[in-house]
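Dear colleague,

Please find below the structure that I am handing over to you, together with its sequence. My findings follow directly after it.

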Amino acid sequence: MEYAYYSIALISGFVLTRWVTENFKFHVRNKSIWLHHWIIAAIAMIILLVLKEDSEVIWGILTGVALEGLGRKNWSILRDKN
C-alpha cells in the first residue's frame, strides 16, 4: 500500500504545484540566482534524507513538485540577464 500512497501523493503534488505556479507569482530569487520550486523541493528532499524521514506521502509530494518544475522550459538556477 505504500506505493499507492506515494503515487497518489506524487500526482497530487504535481497537480497542486501546477495550479499554484499558474495562478500565483511566488519567487525566491535575487539579481543572479533563481530558486525554482524544483530546487526547493530537492533541498527539502536532501534534508529529509539526512533526517531519515520515510513518509511515502511527503516523498511523493516533493517528487511531484520537483517533476512539475523540471518539465518546464526555463528551469536554470542562474537568471537570464536579458
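In helix H1, the residues Glu2, Tyr5, Tyr6, Ala9, Leu10, Gly13, Phe14, Thr17, Arg18 and Thr21 meet Glu56, Val57, Trp59, Gly60, Ile61, Thr63, Gly64, Val65, Leu67 and Glu68 of helix H3. Sorted by class, this contact of H1 with H3 comprises 10 nonpolar, 6 polar and 4 charged residues. Please note that the model is a predicted one.

Two packed helices are described by the angle between their axes and by the distance between those axes. For H1 (residues 2-23) and H3 (residues 56-70), the angle is about 40 degrees and the axes lie 6 Å apart. An angle between 35 and 65 degrees counts as oblique, and H1 and H3 are therefore oblique to each other. The crossing in which H1 passes H3 is right-handed.

H3 also packs with H2, where the axes come within 7 Å and cross at roughly 150 degrees. Angles over 145 degrees count as roughly antiparallel, so this description applies to H2 and H3. Their crossing is left-handed. On the H2 side, the contact is made by His37, Trp38, Ala41, Ala44, Met45, Leu48 and Leu49. Their partners in H3 are Ile58, Trp59, Leu62, Thr63, Val65, Ala66, Glu68, Gly69 and Leu70. The contact of H2 with H3 is made up of 12 nonpolar residues, 3 polar residues and 1 charged residue.

I turn now to the largest pocket, whose volume is about 600 Å³. Its lining consists of 25 residues, of which Thr21, Phe26, His27, His36 and His37 are the closest to the centre. At least two lining residues come from each of H1, strand S2 (34-35), helix H2 (37-50) and H3. By class, the lining holds 15 nonpolar, 8 polar and 2 charged residues.

With kind regards

Notes
Residues numbered from 1 in each chain as written. Predicted model: local features only at pLDDT ≥ 70, side-chain atom pairs only at ≥ 80, totals over all residues. Heavy atoms only, no water. Axes fitted to C-alpha atoms, helices over the stretch in contact; angles between N-to-C directions. Helix = DSSP H or I, 4+ residues; strand = E, 2+ residues; numbered from the N terminus. Parallel < 35°, antiparallel > 145°, perpendicular 65-115°, else oblique. Left-handed = near helix turned anticlockwise from the far one by under 90°. Contact = heavy atoms within 4.5 Å. Nonpolar A, V, L, I, M, F, W, Y, C, P; charged D, E, K, R; others polar. 1 Å grid on protein atoms, 1.4 Å probe; cavity = no way out; pocket = protein on both sides within 12 Å on 5 of 7 lines; lining within 4 Å. Points joined across faces, edges and corners; volume = space filled by probe spheres on them.
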